[in-house]
Amino acid sequence: MVSRQIWIVDFGSQYTQLITRKTRELGHSSEIMTVKQAKERFKNGLKPGALVLSGGPDSVSEDKENYHEFFNQENLAVLGICYGMQIMAREFGGKVEKGLLGEYGHTKIHATNGFNIPGVKGDLEVWMSHFDTVTEAPKGFKRAMESHNKVLAAMVHESQPIMGLQFHPEVDHSEGGKEILSYFYEKLAGLEKDWDESEMLKEATALVQSIGDGNVLCAFSGGVDSLVAATLAHKVLGNKLHCFFVDNGLLRPQDHGHIKTLQEHTDLNITVLDSKEVFYKKLHGVDDPEKKRKAIGVTFIEVFEEQVHAYEKDRGIHFTHLLQGTLYPDVIESISPHEKDGKSVTIKSHHNVGGLPERMKLKLLEPLRFLFKDEVRRLGEELGLKYEWVHRHPFPGPGIGVRILGEVTPERVLKVQSSDQILFEELHRQNFYEATWQAFTVLLPVKTVGVKGDARAYEEVICVRMVNSGDGMTATWTDAPRELLSTVSSRICNEVKGVTRVVYDITSKPPGTIEWE
């Protein structure tokens, strides 16, 4: 991996990824690493342009590890956020007290002792999330910001480029967060910007070039990640890249149209595999959500492997790599608790096409593995892909299979396909598609009484779900226009056979998930 300008040491905060994203938005390359990894790099003589210590769930009073390496590097700029500031205070001889009650949520703070950050004036409403508190700044530090009740919110070393923040500047809830991070990187650390679309393209291209001239296989979904990864790889590999799109019968009309458009208007070699009947057979009688996901995943691997082996035999070629659109959050979330030194927990084990590389003895090619979703979209535009292609709404791997509560049958799939298409059409017709991050319909295993054509109807329910999010980690339900919801509801009840009622989901994440299953 290319060494980044800024090292972000992860102490287990739920916001660590946001530090990296905000840092890159400011034009500085950065990477997340464990405490162990950072210490090993310092031991090997490596040094970043700046070091950021994240927040974390532990108490400094119970953390017996020393972090001298982080503070004894000559002229190294260090920023401690929340837990990182508390470690900083302890290491320099300040006083950190264990709180009886945590402080979570918005707090108003202001600058003190003449501390000034360009673009930041007056009171700031910032996001706090901590138990312990620095009650006495270490010798050599001055109080830079505090709350109205005199609680220390920020401290700055008087002669070294070292700064501590008790709040979280990386979250959108914190006013002036970007300006404060920019002040640290550019004023205290003196860093020049080194991260933009051209740098992303340069690094991702180098990853593809590093594999040589082998034939590469891509399990192509047509989504943003696989499209950008395939387009990038094709520029390097040309006809040595082969894309396979598996039609599992759980797709939407817009997906079929999108694949056809890509076949006609890009240079990608896309082969469509019609496997609907195989998937329906495997899903017959299965209604448990996890069993459905597993059945879809296992069937995908079986179908894909069979078709690819036949393709290799007919064409006389041999594949060496599997191209995947794995993103940086997937890489971070896949690190085991042991690798994270116990500071964090595994969120999920991730592979876009789990099981395929091992079964087919392929090496993984993941040119987007150090990028976030918003960066991938920007990279797609840099590659010349159309705006509407790289700004499509996310679509889950299991497709409509997880938007049908209960057993998956062709008839039930058709209800979701038809209702989803109506929602898709109205979002575009009423210019609301880009105002929501993701929008879809779900078939509920509920029947309600209705009236159709002066006759009693006893039919199923469609739920409309629309959310806004930056990365899918959290989401808020979309406050959609009344006219849009009214039209969608009316059309679904009138045009989708077997549906007599439409409801709108107003649950945010958390407590709900974005998908229903």
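I started with strand 12 (residues 215-219) and strand 15 (residues 319-323), which run parallel and are joined by four bridges. I keep in mind throughout that this is a predicted model. Within that pairing, I found N215 standing opposite F319 in strand 15.

A reminder to myself: strands of a sheet pair through backbone hydrogen bonds, either parallel or antiparallel.

Then I turned to the aromatic rings. A pair of aromatic rings is described by the distance of the centres and the angle of the planes. How many aromatic pairs are there? I get a count of 17 aromatic pairs. I picked out F244 and Y311, an edge-to-face pair at 4.9 Å centre to centre with 85 degrees between the planes. What does this pair tie together? F244 belongs to strand 13 (residues 241-247) and Y311 to helix 9 (residues 289-315), so the pair links parts that are 67 residues apart in sequence. I checked burial too: F244 and Y311 are both buried.

I wrote down one aromatic cluster as well, formed by W7, F11, F42, Y67, F70 and Y83.

While on rings, I looked for charges over their faces. R252 lies over the face of F395, at 3.9 Å from the ring centre. R403 lies over the face of F440, at 3.9 Å from the ring centre.

My last stop was helix 14 (residues 410-429). I tested its length: at 1.5 Å a residue, its 20 residues should span 28 Å, and the end C-alpha atoms are 28 Å apart, which agrees. Which residues of helix 14 are buried? My list includes V413, V416, I422, L423 and L427, and among the others on it are R412, K415, D420 and E426. Where do the buried residues of helix 14 pack? I found them against helix 7 (253-265), helix 8 (276-283), strand 17 (438-452), strand 18 (455-468), helix 15 (482-495) and strand 20 (499-505). Following helix 14 comes N431, and I noted its positive phi, near 55 degrees.

Note on methods:
Residues are numbered from 1 along each chain as its sequence is written. This is a predicted model: local features need pLDDT of at least 70, side-chain atom pairs count only at pLDDT 80 or more; totals for chains, interfaces and linings use all residues. Side-chain values use heavy atoms; hydrogens and water are left out. Rings of Phe, Tyr and Trp (its six-membered ring) pair if their centres lie within 6.5 Å; planes under 30 degrees apart count as stacked, over 60 as edge-to-face and the rest as tilted. Helices (H or I, at least four residues) and strands (E, at least two) are DSSP runs, numbered from the N terminus. Buried means under 20% relative accessible area, exposed over 50%, partly exposed in between (1.4 Å probe, protein chains only). A charge sits over a ring if NZ of Lys or CZ of Arg is within 6 Å of the ring centre and within 35 degrees of the ring normal. Two strands pair if DSSP finds at least two bridges between them. The expected span of a helix is 1.5 Å times one less than its number of residues. Contact means heavy atoms within 4.5 Å.
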